[in-house]
Amino acid sequence: MLPLNQQVLRTDLAGMPLEWVDYRTAARLYFLDQVAYACGDDLFCLRGGINASTRRRSQLRIQSIIATVGLHQAQNQLQDNYAPPLSNQALFQRDGHLCLYCGSRFASRQLSRDHVRPSSQGGRDHWNNVVTACVRCNNFKAGRTPEAAGMELLAVPFTPTHAEYVYLMGRGVLADQMKFLRAHFPRSSPLRGRTGS
């Protein structure tokens with residue numbers, strides 16, 4: 001049995017990933033008749049009361065992916081010029097918890113956000129200008145560019161699409177959810193290699 005904190009992937013009617021929701025939100029969407037269809041594996045079976053006339057107990061099965069009707073704020077984020085909000089959690093996930101200077105893997109508490117072109121030199125706090133760096137490498141680089149510090153970047157920073165961002169923000173992404181999300185990644189996505197495609 002899956003833990004109750006297992007996330008459900010919510011999509012629009014066309015199947016575009018929108019966000020992660022918990023089982024309570026998914027149950028509310030079912031109750032409000034906003035779930036158009038569901039796919040993926042069964043995650044939860046919620047049991048309700050017993051009907052007095054039929055003596056049957058109500059139950060609601062919640063699957064790992066639900067497509068919903070109606071407008072949602074995340075649908076605005078599917079435009080071409082959309083850039084997801086930058087956070088250390090998503091950045092560290094994007095870079096696989098690797099320091100993009102020394103190549104070692106670290107826990108989140110040992111990582112920092114490094115501006116490739118330093119802020120002091122006009123570098124922006126944007127996906128295309130930030131990478132994950134261990135504290136040691138970031139301190140060594142200081143307010144210099146990688147070239148000036150004699151350091152080499154191991155990967156080119158990129159702005160994730162909305163589907164990639166949804167993946168990055170997921171916790172405990174299940175295989176069927178990953179397969180669904182991967183279908184929405186660009187062919188050139190650096191995340192494809194990490195997710196088994």
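Mentor: Helices (H or I, at least four residues) and strands (E, at least two) are DSSP runs, numbered from the N terminus. By that reading, Ala175 is placed in helix α6, which covers residues 175–182. This is a predicted model, in which local features need pLDDT of at least 70 and side-chain atom pairs count only at pLDDT 80 or more, while totals for chains, interfaces and linings use all residues. Residues are numbered from 1 along each chain as its sequence is written, and side-chain values use heavy atoms, with hydrogens and water left out.

Trainee: How many helices and strands does the chain have, and in what order do the elements run?

Mentor: The chain has six helices and six strands, and from the N terminus on they run β-β-α-β-β-α-β-β-α-α-α-α. The radius of gyration, taken over C-alpha atoms, is judged against a globule rule of 2.2 Å times the number of residues to the power 0.38. Here the radius of gyration is 21 Å, well over the 16 Å that the rule gives for 197 residues, so the chain is more spread out than a compact globule. Along the principal axes, its C-alpha atoms fill a box of roughly 80 × 35 × 30 Å.

Trainee: What share of the residues counts as buried?

Mentor: Buried means under 20% relative accessible area, exposed over 50%, and partly exposed in between, with a 1.4 Å probe and protein chains only. On that scale, 41% of the 197 residues of the chain count as buried. Ala175, by contrast, is exposed, with a relative accessible area of 66%.

Trainee: Which residues of α6 are buried, and what covers them?

Mentor: In α6 the buried residues are Asp176, Gln177, Met178, Leu181 and Arg182. Their cover includes β1 (8–11), β2 (17–21), β3, β4 and α5 (162–169).

Trainee: Why can α5 be called largely enclosed?

Mentor: Helix α5 is largely enclosed by the rest of the structure because seven of its eight residues are buried. Those residues are His162, Ala163, Glu164, Tyr165, Val166, Tyr167 and Leu168, and what covers them includes β1, β2, α2 (88–94) and α6.

Trainee: How many salt bridges does the structure hold?

Mentor: Side chains of opposite charge can pair when their charged atoms come close. The term salt bridge is used for a side-chain nitrogen of Lys or Arg within 4 Å of a carboxyl oxygen of Asp or Glu, and the structure holds six of them. One of these joins Arg10 and Glu19, with the closest N and O atoms 3.0 Å apart; Arg10 is buried at 8% relative accessibility, whereas Glu19 is partly exposed at 23%.

Trainee: Which elements does the pair of Asp42 and Arg61 link?

Mentor: Asp42 and Arg61 form a salt bridge whose closest N and O atoms are 4.0 Å apart. The pair links distant parts of the chain, with Asp42 in strand β3 (residues 35–50) and Arg61 in strand β4 (residues 57–68), 19 residues apart. Asp42 is partly exposed at 43% relative accessibility, and Arg61 is also partly exposed, at 46%.

Trainee: Are Arg94 and Asp95 buried or exposed?

Mentor: Arg94 is buried, with a relative accessible area of 2%, and Asp95 is buried at 9%. They form a salt bridge with each other, the closest N and O atoms being 2.8 Å apart.

Trainee: Where do Arg55 and Ala142 lie, and what is the phi of each?

Mentor: Most residues other than glycine have a negative phi, and most peptide bonds are trans. Arg55, in the loop between β3 and β4, has a positive phi near 60°, and this residue is exposed, with a relative accessible area of 65%. Ala142 lies in the loop between α3 (135–141) and α4 (146–149); its phi is positive, about 55°, although it is not a glycine, and Ala142 counts as partly exposed at 46% relative accessibility.

Notes. Contact = heavy atoms within 4.5 Å.
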